[in-house]
Amino acid sequence: METVNLSSYILPETSINSYILIEQEYFSSNNKYLLEKLKKELSAKGYFDESRKKRLPLLPKTVGIVTSPTGAAIKDIISTGKERFPNINFILYPAKVQGEGSIKDIVEGIRVLNEIPEVDVIIAGRGGGSIEDLWSFNSKEVAYAFLDSKKPIVSAVGHEIDVLLTDFIADAR
């Protein structure tokens, strides 16, 4: 059985002199339990060990990016990359990074970018958001896509305080 924690609050609706009850569903404790179980499993297999991580290229020529083409993350990645390496090239695999279909898109993006010989390193990520918004990067499928990447892969998800499963597996964060 799945446990869900709910929090409710009342907002005054001044125009009609009534109240609207708004319920917020917090992420289920079952999902948190499954994540901790997966972390333990992957850690026990040595998948978080520094010794298995690939080195990032010192001067990458081409960076593959798996993210939304419309979010702030793509703009940040490109502007930071161009600032540090003016001659760098980017190849974007446009992906859903939250919600239905996002896990499949992220996994496919990593697979496709691994097949492009010019790509030196892959960045997979998105901007910040709620834990629900970031959850695709905690999925087993995305974790294994990071792990199986032939090319070095960087987890660039959320803000500095957000720590996700892909951060432990990626070659860099």
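Student: Is arginine 52 buried, exposed or partly exposed?

Tutor: Buried means under 20% relative accessible area, exposed over 50%, and partly exposed in between, with a 1.4 Å probe and protein chains only. Arginine 52 has a relative accessible area of 21%, so the class is partly exposed. This is a predicted model, in which local features need pLDDT of at least 70, side-chain atom pairs count only at pLDDT 80 or more, and totals for chains, interfaces and linings use all residues. Residues are numbered from 1 along each chain as its sequence is written, and side-chain values use heavy atoms, with hydrogens and water left out. For arginine 52 the answer is partly exposed.

Student: Which backbone oxygens does the side chain of arginine 52 reach?

Tutor: Arginine 52 lies in the loop between α1 (29-44) and β3 (62-67); helices (H or I, at least four residues) and strands (E, at least two) are DSSP runs, numbered from the N terminus. One backbone oxygen, 3.1 Å from the side chain of arginine 52, belongs to tyrosine 47. Another, 3.0 Å from a polar side-chain atom of arginine 52, belongs to isoleucine 169.

Student: Which residues does isoleucine 169 contact, leaving aside neighbours within four places in sequence?

Tutor: Contact means heavy atoms within 4.5 Å. With those neighbours set aside, isoleucine 169 is in contact with Leu42, Tyr47, Phe48, Arg52, Lys53, Ala143, Phe146 and Leu147.

Student: Is phenylalanine 137 buried or exposed?

Tutor: Phenylalanine 137 sits in the loop between α4 (131-134) and α5 (140-148). Residues in contact with phenylalanine 137, beyond four places in sequence, include Val97, Ile106, Val142 and Leu164. The relative accessibility of phenylalanine 137 is 0%, so this residue counts as buried.

Student: What percentage of the residues in the protein are buried?

Tutor: The protein has 6 helices and 6 strands. From the N terminus, the elements run β-β-α-β-α-β-α-β-α-α-β-α. Of the 173 residues in the protein, the buried share is 38%.

Key
Polar contact = N/O pair within 3.5 Å; in protein donor to acceptor, adjacent residues only side chain to side chain.
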